[in-house]
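Have a look at the sequence and the structure first.

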Amino acid sequence: MARTALVLSAGGMFGAYQAGAWKVLSDYFKPDMVVGASIGAINGWAIAGCCDPDDLIQSWLDIDALSGYRPRFPRGVTGGFVDSTHVQTLVQQMHARFRPQVEYGAVLTDTLRLKPRLFRGPDLSWQHLAASAAVPVLFDPHRIDGRLYSDGGLLCALPLWAAAEMGAERIVAVNALPSMPSALIRGFCRCLRVLGRFHSAQLSGSEVIQIAPARALGTAKQILYWNRERAVRWIEQGSADARAVCEQANFQQFEVHA
């Protein structure tokens, strides 16, 4: 039987969209593996750990600690300009609540080499998840096995390549960030891809079903700052977009819940 992956993109607070999409998708199939980058790695950890879809949605409605950040002087050359203590606390709580029951992969970026790296397995630490969501310049990177790692969506927001590397033959992808909401950020990411000589691997023979908003969910500022009203709107849009795709896509060959 073909192995199916759920792939979750980067997107910061747009991750609420993924929670809404999973609420619908969970009625259609059970993934053999879950892969995520940045906020997708954190949502993916919970989903791989059999988090109830309604609980995941509720978690997105109760993170008012991320409605603002305290600025600070960076700790060293690679340090961030904002205090990410609240982010790290929430990541630690999510990590402690769940343990993947299916194959799990998180994409991190080797900060100094500008290379993406796939970490796999149920024993990843909370630092792996936090590093995957550590936006450069803003948040501190995390040191893992002697190397500094940061945002896994920096070079490629939707890590389809990582799912293929894990052996997925079918991919259901939820892309909350189909395009960067700022020309400045788009240019910055393009420069990093050039410097890191990164080219997203071509998928060969993999069937891909993608759920994504028709346009950017919000502004660059809204990616960073949580707001309950926006979270509710993005959850609802994720559900609506997933439902529209599921009504058209062929899920007959996927493992469907009883």
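How much space lies in the largest cavity? About 50 Å³. Before going on, note that this is a predicted model, where local features need pLDDT of at least 70, side-chain atom pairs count only at pLDDT 80 or more, and totals for chains, interfaces and linings use all residues. Residues are numbered from 1 along each chain as its sequence is written, and side-chain values use heavy atoms, with hydrogens and water left out.

**The cavities**

Rolling a probe the size of a water molecule over the atoms shows where empty space is left. Here a cavity is a set of points on a 1 Å grid over the protein atoms alone where a 1.4 Å probe fits but cannot get out, and lining residues have an atom within 4 Å of a point. Its volume is the space filled by probe spheres set on the points, which are joined across faces, edges and corners. Searching the whole structure this way turns up two cavities of 30 Å³ or more.

The lining of the largest cavity is made up of Ser84, Val87, Gln88, Ala130, Ala133, Ala134, Phe139, Asp140 and His142. By type, that lining splits into five nonpolar, three polar and one charged. For this count, Ala, Val, Leu, Ile, Met, Phe, Trp, Tyr, Cys and Pro are nonpolar, Asp, Glu, Lys and Arg are charged, and the others, Gly among them, are polar.

**Asp140 up close**

Asp140, one of those lining residues, sits in the loop between H5 and S5. Helices (H or I, at least four residues) and strands (E, at least two) are DSSP runs, numbered from the N terminus. Asp140 is buried at 12% relative accessibility; buried means under 20% relative accessible area, exposed over 50%, and partly exposed in between (1.4 Å probe, protein chains only).

Which residues does Asp140 touch, not counting those up to four places away in sequence? They are Arg72, Arg75, Gly79, Gly80, Ser84 and Ala134, with contact meaning heavy atoms within 4.5 Å. A polar atom of the Asp140 side chain also lies 2.8 Å from the backbone nitrogen of Gly80.

**Salt bridges**

A salt bridge is a side-chain nitrogen of Lys or Arg within 4 Å of a carboxyl oxygen of Asp or Glu, and the structure holds nine of them.

| Pair | N to O distance |
|---|---|
| Asp83 and Arg70 | 2.5 Å |
| Asp140 and Arg72 | 2.3 Å |
| Asp110 and Arg113 | 4.0 Å |

Asp140 and Arg72 form a salt bridge that links distant parts of the chain, 68 residues apart: Asp140 in the loop between helix H5 (126-132) and strand S5 (142-144), Arg72 in the loop between H3 and H4. Arg72 is buried too, at a relative accessible area of 18%.

The Asp83 and Arg70 salt bridge has both partners in the loop between helix H3 (53-60) and helix H4 (85-97), so the pair ties together parts that are 13 residues apart in sequence. Asp83 is buried at 14%, whereas Arg70 is exposed at 58%.

As for Asp110, its relative accessibility is 5%, which counts as buried.

**Helix H2**

Why is helix H2 (residues 39-48) largely enclosed by the rest of the structure? Because ten of its ten residues are buried, Trp45 and Asn43 among them. Just after H2, Cys50 takes a positive phi of about 65°.

Note on methods:
On a 1 Å grid over the protein atoms alone, a cavity is a set of points where a 1.4 Å probe fits but cannot get out, and a pocket is an open set with protein on both sides within 12 Å along at least five of seven lines; lining residues have an atom within 4 Å of a point. A polar contact is a pair of N or O atoms within 3.5 Å; within protein, one must be able to donate a hydrogen and the other to accept it, and residues adjacent in sequence count only if both atoms are side-chain atoms.
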